[in-house]
Amino acid sequence: EEVSLSVLAEQFHLSGQYISQLFKKELGCGYHAYLNQVRVEKAKKYLRQTNEPITVVAELVGFSDYRIFTKIFKGIVGVTPSQFRK
């Protein structure tokens with residue numbers, strides 16, 4: 001499901017810039033950083049609990065590009081998804 005800032009802004013009848021400021025103020029990080037953290041946490045669960053290929057896990061948590069998923073996952077967790085799974 002699409003969870004872009006613009007979709008969120010439209011759903012709540014607020015500007016994207018305002019929502020972004022709220023995330024920064026309340027959570028200490030921007031919208032995209034928060035969304036990536038949530039997606040990576042969900043990916044960690046899939047990696048622990050299933051044998052799905054990493055490309056499928058990436059798609060399940062909302063990443064359309066496996067390489068971007070791997071880069072973001074490693075940036076947050078410190079290891080690649082395949083290293084995490086081992």
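Helices (H or I, at least four residues) and strands (E, at least two) are taken as DSSP runs, numbered from the N terminus. Leu35 lies in helix H3 under this assignment. The structure is a predicted model, in which local features need pLDDT of at least 70 and side-chain atom pairs count only at pLDDT 80 or more, while totals for chains, interfaces and linings use all residues. Residues are numbered from 1 along each chain as its sequence is written, and side-chain values use heavy atoms, with hydrogens and water left out.

The protein contains six helices and zero strands, giving the pattern α-α-α-α-α-α along the sequence. The C-alpha trace spans about 40 × 25 × 20 Å along the principal axes. Of the 86 residues, 30% count as buried; buried means under 20% relative accessible area, exposed over 50%, and partly exposed in between (1.4 Å probe, protein chains only). Contact means heavy atoms within 4.5 Å. Among contacts between residues at least 6 apart in sequence, 43% join residues at least 24 apart. The protein exposes about 6,100 Å², of which carbon and sulfur atoms supply 52%. Accessible areas come from the Shrake-Rupley method with a 1.4 Å probe, and for residues only the protein chains shown count as cover.

Several residues of helix H3, which covers residues 31-49, were examined individually. Leu35 is buried at 15% relative accessibility. When residues up to four places away in sequence are not counted, Asn36 touches Phe63, Ile72 and Ile76. Lys44 lies in helix H3 as well. With a relative accessible area of 14%, Lys44 is buried, and, under the same exclusion of residues up to four places away, Lys44 touches Phe73, Val77 and Phe84.

The charged residues comprise 12 positive and 8 negative charges, whose mean positions are 11 Å apart. Lys and Arg count as positive and Asp and Glu as negative, whereas His and the chain ends are not counted. The place of a charge is taken as NZ of Lys, CZ of Arg, CG of Asp or CD of Glu. Side chains of opposite charge can pair when their charged atoms come close. A search of the whole structure finds two salt bridges, a salt bridge being a side-chain nitrogen of Lys or Arg within 4 Å of a carboxyl oxygen of Asp or Glu.

Glu41 is partly exposed, at 41% relative accessibility, whereas Lys44 is buried. Another salt bridge is formed by the side chains of Arg67 and Asp65, at an N to O distance of 3.5 Å. Here Arg67 counts as exposed, at 64% relative accessibility, and Asp65 as partly exposed, at 22%.

Tyr66 is placed in helix H5, which covers residues 66-77. The relative accessible area of Tyr66 is 38%, so the residue is partly exposed. Tyr66 touches Ile54 and Thr55, again not counting residues up to four places away in sequence. Tyr66 and Lys45 are 21 residues apart in sequence, and their C-alpha atoms are 17 Å apart in space.

On the surface, Phe12, Leu14, Tyr18 and Leu22 form a nonpolar patch with about 360 Å² of accessible area together. Patches are made of residues with over 30% relative accessible area and no salt bridge; like charges are joined within 9 Å and nonpolar side chains (Val, Leu, Ile, Met, Phe, Trp, Tyr) within 5 Å. Phe12, one of the patch residues, lies in helix H1 (residues 5-12) and is exposed at 51% relative accessibility. His13 lies in the loop between H1 and helix H2 (16-27). The phi angle of His13 is near 55°, a positive value in a residue other than glycine. His13 counts as exposed, at 71% relative accessibility.
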